[in-house]
Amino acid sequence: MSVLGRITRCLGPRVLGFVALMAAASVCGANQGAVFSSGNLGPTILKAPGHCVRPTEWMRHNHMKLLLQERTEWVREGIRDRKDSLENCVKCHAADAPNGAVFGAKQDFCVSCHRYAAVKITCFECHSATPKGKVPAFHPLYGPMGPHGEGANAHGLSLMMRESASTGRLGLGASK
Amino acid sequence: MSEVNKERRHLLGAGAAVAGLVVAPGVFLVTAGKGRADEEAGESGPQWGKVRWGMLVDTAKCSSGCTQCVSACDKENHLSGETLPTSSQWIRKMELTDRETGKNYSLPMMCQHCDNPPCVDVCPTGASFKRWDGIVSVDRHLCIGCRYCLMACPYKARSFVHHPVTDQNPDVPRGQGCAESCDFCKHRIDEGQIPACVEACGSTGGGALLFGDLNDPKSEISQRVATIATLQVRADLGTEPAVRYEGIL
Amino acid sequence: MSSVVFREIQSRGKGYYGILAALGVMILAGLAAAYNMETRGHIITGMNQQIVWGLPHVFAVFMIVAASGALNVASIGSVFGKSMYKPLAPLSGLLAIALLVGGLTVLMLDLGRPDRIVTVAMTHFNFTSIFALNVFLYTGFMTIVAVYLWTMMERRMNTYTKAAGVAAFIWRLLLTTGTGSIFGFLVARQLYDSALLAPTFIVMSFAYGLAIFILVLMAAYNWTGREVGDVIMMRLKKLLAIFIAAMLYFVAVYHVTNIYYAERRAVEAWLLLHGGIQTELFWLGQILAGSVLPLVILFHPKWGKSRAMIASACGLVIVGGLIQMYVTIIGGQAYPLVLFPGMKESSTFYDGVVHPYYPSSYEVFLGLGGVAIALFIVAVGIKVLRFLPESLEDHVVRAHHGEGH
């Protein structure tokens, strides 16, 4: 605790921000899975049909890292066979949304939690928040499993993401 | 990092490069010579220089009133189709008149997917990049909107998005404050299709556009550019475009 | 520097705070313009797909070029050993930092995605890009000049002033080379593609920087009731004249070279003869007002001795410099790219036609906001720290100058 306190004092508001964010995330985690609206405590999260590409709890803490890695491969190398692409996230999580999108209205999947945690989403300034409604096709060259499927290295993480990941662990420690 | 690259690095690191050539010919021939050995090894996916997508424009078949390629591009990439000074235009029809002889030409102009792209050289963040298959495009996640690429491109192929964008094609994210340009419809190429303009030109246009792999000697485009005279625009600049024009020399 | 006493300016009057308030309003207006440009997009500016860089870049590049030039006076003092200039060195350094901060602020706020300055622009570098190199040249310049100032203003560090001054001088040459090369390396555009642009920018920086320095010096001293003597003023004025002449020489060589290339005769004919507003700005603004008139004034037996006329000459160099930047940046883009030499070109994307540019008020406010930031930094700097010598009257300067012999 004293170590944590010292780090918090040194790094100041930045870390506190992450701690607050992660504390918020663990509040979500405590109620994982179900559609919930726990009074004024947490965000209302829309449930998506089917199974996520990763466990819900893991996704709550790491979805940004997954998306960062996926985006690098998608944009820079043209690897589009990953199930954990933003396009697929949108497809699933917008399916049961009232307005058919993950971003736009307050109750939309991405917005509800990000609003609660006060983290800006910039994805949908460029990306479509509504799905195209077609089955993602696999590249005829490398097929569905390809050399870049599960377990690929988490390369390409930016400094900030790595930082947020490590301070994220710090924040979790503090809340338990 | 693909498995093949990892393995190659490992082998090189162990100082077993020569032995590797014997033990794992498939792995090494990927770089030594593209093609057969590669397929035999079952190796596929992004490998630098394996593919180089290119286009051949037959200006004799391109008529001056036809804008099928432009409309198809606008539709595919959800561009407005407007031609204001601030509008993005990924492909445009150019009308040319020889100043001395008076001969007219009509042709489409778009990103030439240079081998030495000036836009990539000048980009401060590496957002402007050339893909393993020769496609030049913008990684909008890294673009800061400095517009240096618009200044550097000899073909005026880049556009800058001047206003907020909504209603994007889910396959083609694009947004305010970033540079953008023709990317040969890489989202279609990655799914085994040809660019929208080429498809449209073939079906409702003059059939002036031929698309294919310049690095595959058996492809139609390779065989045509090997037998007829073609022009690379501003070849003097040494950018080595992947788009070539025939009938205009 | 034992014989020269440095002191903060003492003004507590309405005048000083009035200036600060006015500058503050200008800065706020600039920030408001930038906020609008970011939220509503560059559609609200006069910039477009043809005129890619507009008025903000004119202001920004001018200030960045002038920043390195503003350091001249310090360099002459500590690098070339002209001790007469040493009392002016701290102000010279402050002005350099202030102008660079002002210019860079404009440049960064004009980005399409200014929100990515820290998260992307400072973490991802492509070193074939002059812009990426400039990130280091600019931050390095500020650091080195700050250290240089410290060695000047902290008595115990005075022994290192010369070393810091040499480093700053070399760095500023690199910096302006980098700024000129932003344009010089653009092979596609006929008015840019030239290695001459880097040295031309360096000479331009000498002239702009010195003109700004003289004006700020006169203003600071007049408004605070201090004196600048004739000895130092005549020196500075002669130096300015030499820089202006050198600038004219480089501009002449650049255009004559271009005219000699048959391929570039059309674009030169356009700029020099029938380019409309660009031609007028070039001849009347850049050449006549920015170079010829100041030269006439500075060398004139009578006008050259009048403080008011010297100040006007400095003002003309600054206005002419801004116009020179306008002609360089906007003019260079206004002439269409030549994709097919020998052909007449036309398209929906404005191929083959000269591109007009009508700057919007947002761009003007953003540019002026940057100027205000630079002046604000100087105004606050000379108030809180001892940048200015108490007197530059002839007897003080001569006494000090004497030490150098």
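In these exercises, a residue is buried if its relative accessible area is under 20%, exposed if over 50%, and partly exposed in between (1.4 Å probe, protein chains only). The model is predicted: local features need pLDDT of at least 70 and side-chain atom pairs count only at pLDDT 80 or more, while totals for chains, interfaces and linings use all residues. Residues are numbered from 1 along each chain as its sequence is written, chains are lettered from A in the order in which they are written, and side-chain values use heavy atoms, with hydrogens and water left out.

**Exercise 1.** Describe chain C as a whole.

Step 1. Take the secondary structure, where helices (H or I, at least four residues) and strands (E, at least two) are DSSP runs numbered from the N terminus. Chain C has 14 helices and three strands.

Step 2. Turn to burial: of the 405 residues in chain C, 58% are buried.

Step 3. Consider contacts, defined as heavy atoms within 4.5 Å. Among those in chain C with a separation of 6 or more, 79% join residues 24 or more positions apart.

**Exercise 2.** Locate the largest nonpolar core and its most connected members.

Step 1. Such a core is a set of buried Ala, Val, Leu, Ile, Met, Phe, Trp, Tyr and Cys residues joined through side-chain atoms within 4.5 Å. The largest has 183 residues, and the most contacts inside it belong to Met55(B), Tyr148(B), Tyr208(C), Met325(C) and Phe340(C).

Step 2. Helix H8 of chain C (residues 197-223) supplies the largest share of this core, 18 residues.

Step 3. A separate core of nine residues includes Leu86(A), Val102(A), Ile121(A) and Ala129(A).

**Exercise 3.** Characterise helix H3 of chain A.

Step 1. H3(A), residues 56-77, bends by about 70 degrees at Asn62(A); this is the angle between axes fitted to the seven residues ending there and the seven starting there.

Step 2. Asn62(A) is one of the buried residues of H3(A), as are Arg60(A), Glu70(A) and Trp74(A).

Step 3. Just after H3(A), Gly78(A) adopts a positive phi of about 75 degrees.
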